[in-house]
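Hi,

Here is the structure I promised to pass on. Have a look at it first, and then read my notes below.

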Amino acid sequence: MLRDRQVAGLLLGDLLANVGTGMIIVAMPVQTLSLHGGVPKAIAIGLVEAAPFVLSTVLALAIGLGRVRVPPRTLLVADCVLRSLTFAALGVLSVTGRLTLPVLIAGLFFGATFRLAGASSRRVLATSAAGEAGRFSVNGLLGLNTTFALYIAGPVLGGLVVATAGAGYALFFDASGALILLAATLLVVPRATEDRDALREPKTSGWRILRRRPVAARLLVVEFFFNFLYMPIEVALPLYVSGTLHADASGLGLLWGALGVGAFLGAALVNQLRNLPQRPMLVAIIGLWALCPIALACAGNLTAALVVFGLGGLVYAPFTPVAYSFLQSGLAPGEQQQVVTLWTTGSTVAAPLGLALGGPLIELAGTTGGLVLSGVLTLLLLPIAARAVLGRTTEGDRPCASA
């Protein structure tokens, strides 16, 4: 009963915190454009979007690759406290007209220090409370939370707040989401005895642990490139909507909405996939998603594009929860934090790198050419993924042999 309460509390806090983050995704570009001054718009937006990743990546790599050990509960509390204070301060400065671009960048830079470590801590705490039997379901519910909050509820609410009150007010909602997650963590997650001794336990890096399970290590590399090759689509999509589809900003919103609805349905179906072989399923998802940008490039109208992108979201959504369940199934409790943090960081860092590639790629290949190229390169990843993930299971991978 206590464990069910912990899982429910963490999932609710995670959902509401992600809604705030989804609102920020919409509000921050608008806020940046009102502050950029003499800085070119694209550069200003790029700096604002990159700022939260810098210190958070350094800390997460220190945990995942090094031997830094901090209890997951402590990391999550630190993330919630720092984010709520920082974003509330930025909100006050914004609504009083005193926010500047350097202050916004600095606030996001320092305020998101525990962002990646906190995200991985949420997963570790929730799946640990659920136990081995409930891990697959909880990973699916975390994916459902993320999809609904970041791609459906958050952007819609963020757009309403920006349109009616102003972009600065969305910062208060993100700060409030962090406070709700903080309250849930303090109320439902007990301070475990082992947390007090965490810094004195033998310390092993996440990469060293992964090397004992070659399939999981290779899957991390595959996931990095899978996410990396997806990101040029985000660069191409606005140009594709305005150019190829001859639609306005509402068309772009509908397209992202279709992806979100498809991903929501896909995440909701994750628990129904628990009895299927996980490794072949991961490879199949990569192959099916690769067809999405190719089909999108061939779509001649908005309706067809909505159907294609919705199906793409349906296919793409199960990948992350299934991959995490596969990864965690072979780890001891004391190995979860550093490995999950390393995994989260590796997949997240692919995003800014892929976006950096996306601009030149779309410039050279054109909008539809860039979409096709993203799909073709992902198809080329398919045999590599099959060899890496479906290869012979070694001694270190035996805990996951059933996967």
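At what angle do helix 11 and helix 13 pack, and how far apart are their axes? Before I answer, some ground rules: this is a predicted model, in which local features need pLDDT of at least 70 and side-chain atom pairs count only at pLDDT 80 or more, while totals for chains, interfaces and linings use all residues. Residues are numbered from 1 along each chain as its sequence is written, and side-chain values use heavy atoms, with hydrogens and water left out.

**Helix pairs**

Back to the question: helix 11 (residues 278-298) and helix 13 pack at about 150°, and their axes are 10 Å apart. Helices here are DSSP runs of H or I with at least four residues, numbered from the N terminus. The axes are lines fitted to C-alpha atoms over the stretch in contact, and angles run from 0 to 180 degrees between N-to-C directions. Helix 11 and helix 13 are therefore roughly antiparallel to each other. That word is for angles over 145 degrees; under 35 counts as roughly parallel, 65 to 115 as roughly perpendicular, and the rest as oblique.

Helix 11 passes helix 13 in a left-handed crossing, meaning that the near helix is turned anticlockwise from the far one by less than a right angle (clockwise would be right-handed). On the helix 11 side, the contact (heavy atoms within 4.5 Å) is made by Gln278, Arg279, Met281, Leu282, Ile285 and Ile286. Helix 13 brings Phe319, Val322, Ala323, Ser325 and Phe326. By class, that gives eight nonpolar, two polar and one charged residues. For these classes, Ala, Val, Leu, Ile, Met, Phe, Trp, Tyr, Cys and Pro are nonpolar, Asp, Glu, Lys and Arg are charged, and the others, Gly among them, are polar.

Helix 5 contributes Arg122, Val161 and Val162 to the contact, and helix 6 contributes Ala167, Tyr169, Ala170, Phe173 and Leu181. Seven of these residues are nonpolar, none is polar and one is charged.

Helix 5 also meets helix 3 (residues 72-95): their axes come within 8 Å and cross at roughly 135°. Helix 3 and helix 5 are therefore oblique to each other, and the crossing is left-handed. Among the contact residues are Leu75 and Asp79 of helix 3, along with Arg115 and Arg122 of helix 5. This contact has six nonpolar, two polar and five charged residues.

**The cores**

Which residues have the most contacts inside the largest nonpolar core? They are Leu210, Tyr240, Trp289, Leu296, Phe309 and Leu327, in a core of 58 residues. The largest share of this core, 16 residues, comes from helix 9 (residues 214-243). Apart from it lies another core, of 23 residues, including Ile24, Leu90, Val162 and Leu171. A nonpolar core is a set of buried Ala, Val, Leu, Ile, Met, Phe, Trp, Tyr and Cys residues joined through side-chain atoms within 4.5 Å. Buried means under 20% relative accessible area with a 1.4 Å probe and protein chains only, exposed means over 50%, and partly exposed is in between.

- Pro321 lies in helix 13 and is buried, with a relative accessible area of 3%. Not counting residues up to four places away in sequence, Pro321 touches Asn139, Gly140 and Val270.
- Ala170 lies in helix 6 and is buried at 0%. Beyond its neighbours within four places in sequence, Ala170 is in contact with Met23, Ile24, Ala27 and Val161.
- Gly313 sits in helix 12 (residues 302-316) and is buried at 1%. Leaving aside its neighbours within four places in sequence, Gly313 is in contact with Leu259, Gly262, Ala263 and Trp289.

Last one: is His246 buried or exposed? His246 is exposed, with a relative accessible area of 68%, and is found in the loop between helix 9 and helix 10 (249-268). Its phi is near 55°, a positive value in a residue other than glycine. Most residues other than glycine have a negative phi.

Note on methods. Helix = DSSP H or I, 4+ residues; strand = E, 2+ residues; numbered from the N terminus.
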